[in-house]
Amino acid sequence: MEQSPYQNLAADCAPAVKPLAVTLPRLKQMQREGEKITMLTAYDATFAALADDAGVDCLLVGDSLGMVCQGHESTVPVRLEDVRYHTEAVARGTRRSGGRPFLLADMPFGSYGGNPNQAFANACVLMQAGAQMVKLEGDGWTASIVEFFVSRGVPVCAHLGLTPQHVHALGGYRLQAKTDEAARQLLLQARELQSAGAGLLVLEMVPASVAQNVTEMLTDCPTIGIGAGSATAGQVLVLHDMIGATTRRIPKFVRNFMVGTGSLPDALRSYVAAVKSRSFPIDAEHAW
């Protein structure tokens, strides 16, 4: 059969094969295989698309938007409607750019601490906005909520250590799990949350040794560190912090990836490469 003269042209013009979308099972596989997970916050379609193009594995529509986008002094004033709005924007951005990252959304202060059915309804608002997982802050008291959500089809990321929604109770943004007893309690809480069905666990501002112990203990719940050392299964930063676009004091655990790169796309790619190659974070510089 004679070959069509257009066959080679069609092959040349065919779009490049895009990487497969990241899923929760894929994240757990990455942990088992020793591949570091990359996560950044995102609040709008443009930044989300650029992060997708750079190969970021996960995007978090964090309630940090209250400080980054709205000018609040903490995350406490953020409303469910605010997170829904930004989740929809981020989801549109990733769909436009290929839809590879796994998308998480924070459940804001007061949206999951009362009636479990109302908390579930709030989680559904974010899932219907485009989130693939919701994130809850808090220790053992959230385990029943995690179990309630997961049994009804809503994946959950737990969050231990410094929990910004509780900053007033904690007395500020301070290192957590500093004593042996506090570290032991955090390990017990992490185990309880995994048993309840948490699929991921953010560890924020805890000693690197404590984060390593938690990471090694959990067999089916990858840990994502922020100011928690290099031994966690992955890393997350507030996007505006890691490009120096902030008027706040940069935390110790942040590196400005705009330095030496010169463009936002290059800074994002540099972050992904640094986490994947284990050259960020460096415990001597970024951990306690």
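**Entry 1: the largest pocket**

I began with the lining of the largest pocket, where α4 (65-68), β6 (200-204) and β8 each supply at least two residues. Helices here are DSSP runs of H or I with at least four residues, strands are runs of E with at least two, and both are numbered from the N terminus. I noted that this is a predicted model, in which local features need pLDDT of at least 70 and side-chain atom pairs count only at pLDDT 80 or more, while totals for chains, interfaces and linings use all residues. Residues are numbered from 1 along each chain as its sequence is written, and side-chain values use heavy atoms, with hydrogens and water left out.

I looked up the space in this largest pocket and found about 620 Å³. Its lining has 29 residues, and Tyr173, Glu204, Arg248, Pro251 and Phe253 lie nearest the centre. By class I noted 15 nonpolar, five polar and nine charged residues. For the classes, Ala, Val, Leu, Ile, Met, Phe, Trp, Tyr, Cys and Pro are nonpolar, Asp, Glu, Lys and Arg are charged, and the others, Gly among them, are polar.

I also wrote down the terms. On a 1 Å grid over the protein atoms alone, a pocket is an open set of points with protein on both sides within 12 Å along at least five of seven lines; in a cavity a 1.4 Å probe fits but cannot get out, and lining residues have an atom within 4 Å of a point. Points are joined across faces, edges and corners, and a volume is the space filled by probe spheres set on them.

**Entry 2: the second largest pocket**

The second largest pocket holds about 220 Å³. I found 15 lining residues, with Asp139, Gly161, Thr163, Gln176 and Gln189 nearest its centre. Two or more of the lining residues come from each of β5 (156-161) and α9 (180-196). The most come from α9, which gives four. The lining has six nonpolar, eight polar and one charged residues.

**Entry 3**

The largest cavity has about 40 Å³ of space. Among its lining residues are Ile226, Gln235, Val236, Leu237, Phe253 and His286. Which strand gives the largest share of this lining? I found that β8 (residues 234-237) does, with three residues.

Then I traced its neighbours, where strands pair if DSSP finds at least two bridges between them. Strand β1 (residues 37-41) runs parallel to β8 and is joined to it by four bridges, and Met39 has Val236 as its bridge partner. Strand β7 (residues 223-226) is also parallel to β8, with two bridges, and Ile224 stands opposite Gly234.

**Entry 4: Leu218**

I found Leu218 in the loop between α10 (208-217) and β7. Is Leu218 buried or exposed? Leu218 counts as buried because its relative accessibility is 3%. I also checked Leu218 against Asn115, 103 residues apart along the chain, and their C-alpha atoms are separated by 29 Å.

Note on methods: Buried means under 20% relative accessible area, exposed over 50%, partly exposed in between (1.4 Å probe, protein chains only).
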